[in-house]
Amino acid sequence: SPNHNFINGSWVKATSKKTMLSINPSTNKKLYDLTISSKTDIDRAVKAAKKSFALWSNTSSFERSKYLYAIARLIQKHSRFLAVLETIDNGKPIRETRDIDIPLVARHFYYHAGWAKISSYKKIQPIGVVGQIIPWNFPLLMLSWKIAPAIACGNTVVLKPAEFTSLTALFFAELCQRANLPKGVINIVTGDGSTGQHSQPNSAGFPAF
């Protein structure tokens, strides 16, 4: 929804009133209104992720793998829609998003699901709440590179997509709901550089990844 972030498994109305436009670069027409999240919005997401971390980090890697498999299958199921959404938001040729980007997104979640399934992760200590900021050039693929290994290892996530290419990240949040991912494991907040500044460990209290 406009002016909402994905926090604690739900769409939460932002405290910030500032917004920015998501533009289709091929037509220069408006696609969506996005929130420029404030420190209060970020802190709310971090609080949800911290609360979820206590449970998620103690969930067996085998159980975590089931959620990653579910997300991977949902990405495949909606791959055509994701390819089109990525193209109109990012400007890439549909052939690239359809044949390269989105299939690789699913493969990354499958890969880390398989890794978690056969590994105990006893030697890997979760960090905690992981702050992630991704660029515009491979929006959903960058998300998969960041989120899949982080949650497979028992971390929880607060992710801010690039201000120019946030739409597939927001649809990904809906896929997390459909996969019944525990609340607070993945939180997605939109914004520009001013939002990204709140991701510093000293201000928001969580490490970059």
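**View 1. Helix α1 and its two sides.** The face of α1 turned away from its buried side carries Lys47 and Lys51, both exposed. Here buried means under 20% relative accessible area, exposed over 50%, and partly exposed in between, with a 1.4 Å probe and protein chains only. This is a predicted model: local features need pLDDT of at least 70, side-chain atom pairs count only at pLDDT 80 or more, and totals for chains, interfaces and linings use all residues. Residues are numbered from 1 along each chain as its sequence is written, and side-chain values use heavy atoms, with hydrogens and water left out. Helices (H or I, at least four residues) and strands (E, at least two) are DSSP runs, numbered from the N terminus.

The buried residues of α1 are Asp41, Ile42, Ala45, Val46, Ala48, Ala49, Ser52 and Trp56. Seen down the helix axis, they fall within an arc of 165°, so they line one face of α1. The arc is that of the directions from the helix axis to the C-beta atoms. Helix α1 covers residues 39–56, and its 18 residues should span 26 Å at 1.5 Å a residue. The end C-alpha atoms of α1 are 25 Å apart, which agrees. The expected span is 1.5 Å times one less than the number of residues in the helix.

View 2. Arg44 lies in helix α1. With 31% relative accessibility, Arg44 counts as partly exposed. Asn8 belongs to the loop between β1 (4–7) and β2 (10–13). Asn8 is also partly exposed, at 33% relative accessibility. Its phi is near 55°, a positive value in a residue other than glycine. Arg44 and Asn8 are 36 residues apart in sequence, with 9.0 Å between their C-alpha atoms.

**View 3. The largest pocket and its lining.** The volume of the largest pocket is about 200 Å³. Ten residues line this pocket, and the closest to its centre are Tyr32, Leu167, Leu170, Phe171 and Glu174. Two elements give two or more residues to the lining: α3 (79–90) and α6 (167–178). Helix α6 gives the most, with four residues. By class, the lining has seven nonpolar, two polar and one charged residues.

Pockets are found on a 1 Å grid over the protein atoms alone. A cavity is a set of points where a 1.4 Å probe fits but cannot get out; a pocket is an open set with protein on both sides within 12 Å along at least five of seven lines. Lining residues have an atom within 4 Å of a point. Grid points are joined across faces, edges and corners, and the volume is the space filled by probe spheres set on the points. Ala, Val, Leu, Ile, Met, Phe, Trp, Tyr, Cys and Pro count as nonpolar, Asp, Glu, Lys and Arg as charged, and the others, Gly among them, as polar.

View 4. At 1.5 Å a residue, α6 should span 16 Å; its end C-alpha atoms are 17 Å apart, which agrees. Cys176 has a relative accessibility of 2%. In sequence, Cys176 and Ile186 are ten residues apart; in space, their C-alpha atoms are 7.9 Å apart.

Just after α6, Asn180 takes a positive phi of about 60°, although Asn180 is not a glycine. Asn180 is found in the loop between α6 and β7 (186–188). At 59% relative accessibility, Asn180 counts as exposed.

**View 5. Asp101 and its contact with Lys92.** Asp101 is found in helix α4 (residues 94–118). Asp101 is buried, with a relative accessible area of 1%. Its side chain makes a polar contact of 2.6 Å with the side chain of Lys92. A polar contact is a pair of N or O atoms within 3.5 Å; within protein, one must be able to donate a hydrogen and the other to accept it, and residues adjacent in sequence count only if both atoms are side-chain atoms.

**View 6. Lys77 of α2 and Ala106.** Lys77 is found in helix α2 (residues 61–77). Lys77 is exposed, at 66% relative accessible area. Lys77 and Ala106 are 29 residues apart in sequence, and their C-alpha atoms are 9.9 Å apart in space.
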